[in-house]
Amino acid sequence: MAGKARGRKSIFITGAASGMGRETAKLFAGKGWFVGAFDVNMEGLQTLEQEIGADNCFIRRLDVTDKADFEATVAAFGAETDGKLDLLFSNAGIGESGWFEDVPFESAMRVIQVNFIGVVTSIYTALPLLKATPNSLCFITSSSSATYGMPRIAIYSATKHAVKGLTEALSIEFARHGVRVADILPGLIDTNILRATPNRSGDRDQPTEEQFYENAPKKGMFRLMPATSIAETVWRAYSSDKLHWYVPEDIAWIDRIKGFAPNFIRKQIGKRIAEGFFAKPK
Ligand code: NAI
């Protein structure tokens, strides 16, 4: 046991500087796991390291769209864990919103690069470590927008459908390696992405912080939930064989109902979009 992990179970988290990834890092460190925390936001990683203790983590700047960077990062992490990885949390993501044609092509491609290609790259590079670890789990962040194609975040929603499909396929394929594969489909989680995602159509006022909380749904499947609810779900997922984790669980109804009432769901979503979600149409 040469590495810093000293035989502890380990988790490799992308998008660990903020939101769901950060809360997951804190929870797992608190449970005695060794945490690999990776992000393009180095400042966020450094404050995380201070919070959870340098001895309990390995931080490094990683852009998930860069395969060479990913390979070097996995190699450096593996050197600390004796080539083992119990849980890959492939979670980094970005958003773009607005009508399809208003989102610049390059921005749409960046969403695909981070949210889909980044996940694919994480699995290619981390698979040898997962295979070397009994009962390991590859856990991917999808979204409630992977239950039905969501207008005004169409490309984002498509990337989340892509990772959901990938999860289903690999959960069957990787059984022959003893590696479990599952995903999480969060509804509306109170993290920076909700504020950082630009509205490219300019037809809605950007809500102030106060309006944001005022307008946020207080009940129903799109009620605003804390990022800690995701961390707790990742923790439960590690001890389970379940494939899709909906947070909150009522999100699963969209997947169920759309099978026999597709027009009902389509109209409901259209209505919500017309009303505006956080931002009211001008
Ligand atoms: P967040 O914005 O707080 O965290 C995302 C993190 O990913 C940030 O720290 C960011 O720096 C990092 N990141 C972005 N591009 C990167 C890159 N190229 N390489 C490495 N790191 C990169 O937002 P949140 O909500 O914690 O997002 C985590 C995941 O959850 C994302 O995949 C997001 O799409 C997904 N999600 C979020 C929901 C929400 O309501 N907050 C709902 C459904 C899914």
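How do the residues of the shell around the ligand divide into nonpolar, polar and charged? They split into 14 nonpolar, eleven polar and four charged residues. Keep in mind as you look around that this is a predicted model.

## The shell around the ligand

Let's start with the ligand and its surroundings. The ligand is surrounded by 29 residues, and the closest of them are Ser18, Asp39, Asn91, Tyr156 and Thr191.

Several elements of secondary structure take part. The helices α1 (19–30), α4 (105–131), α5 (154–173) and α6 (193–196), together with the strand β7 (188–189), each supply at least two residues of this shell.

In the side chain of Tyr156, an N or O atom is 2.6 Å from an oxygen atom of the ligand. For Lys160, an N or O atom of the side chain is 2.9 Å from a ligand oxygen. With Asp63 the ligand atom is a nitrogen, which is 2.9 Å from an N or O atom in the side chain. As for cover, the ligand taken alone exposes 820 Å², and the protein buries 93% of that.

Asp63 counts as buried because its relative accessibility is 15%, with the cut-off for buried being under 20%.

Besides the pair with a ligand nitrogen, the side chain of Asp63 makes a polar contact of 3.4 Å with the side chain of Arg110. Setting aside neighbours within four places in sequence, Asp63 is in contact with Val40, Asp69 and Arg110.

Now for another aspartate. Asp86 is found in the loop between α3 (67–80) and β4 (87–90). Is Asp86 buried or exposed? At 7% relative accessibility, Asp86 is under the 20% cut-off and therefore counts as buried.

What does Asp86 touch, if residues up to four places away in sequence are not counted? Its contacts are Lys9, Ser10, Trp33, Leu130, Thr133, Pro134, Ser136, Leu137 and Tyr238. One of these, Ser10, has its backbone nitrogen 2.9 Å from a polar atom of the Asp86 side chain.

Methods:
Residues numbered from 1 in each chain as written. Predicted model: local features only at pLDDT ≥ 70, side-chain atom pairs only at ≥ 80, totals over all residues. Heavy atoms only, no water. Near = heavy atom within 4 Å. Polar contact = N/O pair within 3.5 Å; in protein donor to acceptor, adjacent residues only side chain to side chain. Areas by Shrake-Rupley, 256 points an atom, 1.4 Å probe, with all protein chains shown as cover. Helix = DSSP H or I, 4+ residues; strand = E, 2+ residues; numbered from the N terminus. Nonpolar A, V, L, I, M, F, W, Y, C, P; charged D, E, K, R; others polar. Buried < 20%, exposed > 50% of the residue type's maximum accessible area, 1.4 Å probe, protein only. Contact = heavy atoms within 4.5 Å.
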